[in-house]
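Please find below a colleague's note on the structure, arranged as numbered points.

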Amino acid sequence: MIKIGQFSKLTQTTIKTLRYYEQEGLLIPFYIDEYNGYRYYETSQLTEFSKIISLRQLGLSIDDIKNILLGADVFEYLERRENEIKNNINEEESQLTRIKLLKNKENKKMDYEVVIKDIPEYIVFYKEGVIDKYEDVGTFVLEAGEQVRISNPNLKCINPDYCFMEYLDKEYRESKIKARYSQAVETIGIETNDIKFKKLNKVTVASIYHKGAYSNFRDSYGFIMKWIEDHGYVMSDFSRESYIDGIWNKEDVNDWLTEIQVPITKK
């Protein structure tokens, strides 16, 4: 089972929102400790939560989602929502597009393939800080690279390249997010107030590739966490998001590619 804080982080949702969904009867914790009130969730509920979030992102109300979860025809609700969007298309064009994709059955479930692999020892420079929102990750990474270039002009990255982001809060935060960016390099360099160096130990990870927008990470995390539990592993450290292709080299968001690496050990 997963504590509510970890569940919050994996679903990228605040604890406040999870408690609201519990209150509304959409997602009830699998177990609540009667002595301290701590809430626990099963990994299978990650998939349930992704469905709720997907419907919410389409603009459906809590009551609508309740009806759908109880067996109502989802396409009837999509039809009604589509008509609402057409009346205000300039403001709600993004939601209309997603509904059309669903109606045309073009939004197919991604086929994931989980791979267990060892990440070798690396020397990395890293920068920790607080970003206002997830959209600022690119700026944070570029600033780290520029700071290293100034303090260590001759420092070389390893080939092939390896870099990743980790989010260090104990629960999901929508703003003021504590983050750490790491980049593997050939040697230890000169440290500054912001840039530090360390040696990463070898680690075993469960890895999947996520194709497409970052907003759909919930589905990937839900899948890989369920796979980890089903195969007798536990998460042993912060997950890593290694960005391979993105806005810097791909114009189409559908071509973005991210490797999600979850450090694991046997139960």
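Predicted model: local features only at pLDDT ≥ 70, side-chain atom pairs only at ≥ 80, totals over all residues.

1. Cysteines. The count of disulfides in this model is zero. Cys157 takes part in no disulfide, and the nearest cysteine sulfur, which belongs to Cys163, lies 8.0 Å away. Cys163 is likewise in no disulfide, its nearest cysteine sulfur being that of Cys157 at 8.0 Å. Because a disulfide requires the two sulfur atoms to be within 2.5 Å, a separation of 8.0 Å leaves Cys157 without such a bond.

2. Accessibility of the cysteines. Cys157 has a relative accessibility of 38% and therefore counts as partly exposed. Cys163, at 13% relative accessibility, falls under the 20% limit and so counts as buried.

3. Strand E5. This strand spans residues 122-131, and seven of its ten residues are buried, so E5 is largely enclosed by the rest of the structure.

4. Partners of E5. Strand E8 (residues 195-200) runs antiparallel to E5 and is joined to it by six bridges; within this pairing, Val124 has Lys198 as its bridge partner. Strand E7 (residues 177-185) is also antiparallel to E5, with nine bridges between them.

5. Gln261. This residue belongs to strand E12, residues 257-266. Is Gln261 buried or exposed? With 1% relative accessibility, Gln261 counts as buried, because the limit for that class is under 20%. Its side chain forms a polar contact of 3.3 Å with the side chain of Glu259. Setting aside residues up to four places away in sequence, Gln261 touches Lys117, Ile119, Tyr162, Val205, Ala206, Ser207, Ser239 and Arg240.

6. Arg39 is located in strand E3, which covers residues 39-41. At 17% relative accessibility Arg39 counts as buried, since this value is under the 20% limit. The side chain of Arg39 reaches the backbone oxygen of Gly37 at a distance of 2.8 Å.

7. Arg39: surroundings. Which residues are in contact with Arg39, leaving aside its neighbours within four places in sequence? They are Ile2, Lys3, Ile4, Arg19, Glu22, Pro29, Tyr31 and Ile32.

How values were computed:
Residues numbered from 1 in each chain as written. Heavy atoms only, no water. Buried < 20%, exposed > 50% of the residue type's maximum accessible area, 1.4 Å probe, protein only. Helix = DSSP H or I, 4+ residues; strand = E, 2+ residues; numbered from the N terminus. Pairing = 2+ DSSP bridges. Polar contact = N/O pair within 3.5 Å; in protein donor to acceptor, adjacent residues only side chain to side chain. Contact = heavy atoms within 4.5 Å.
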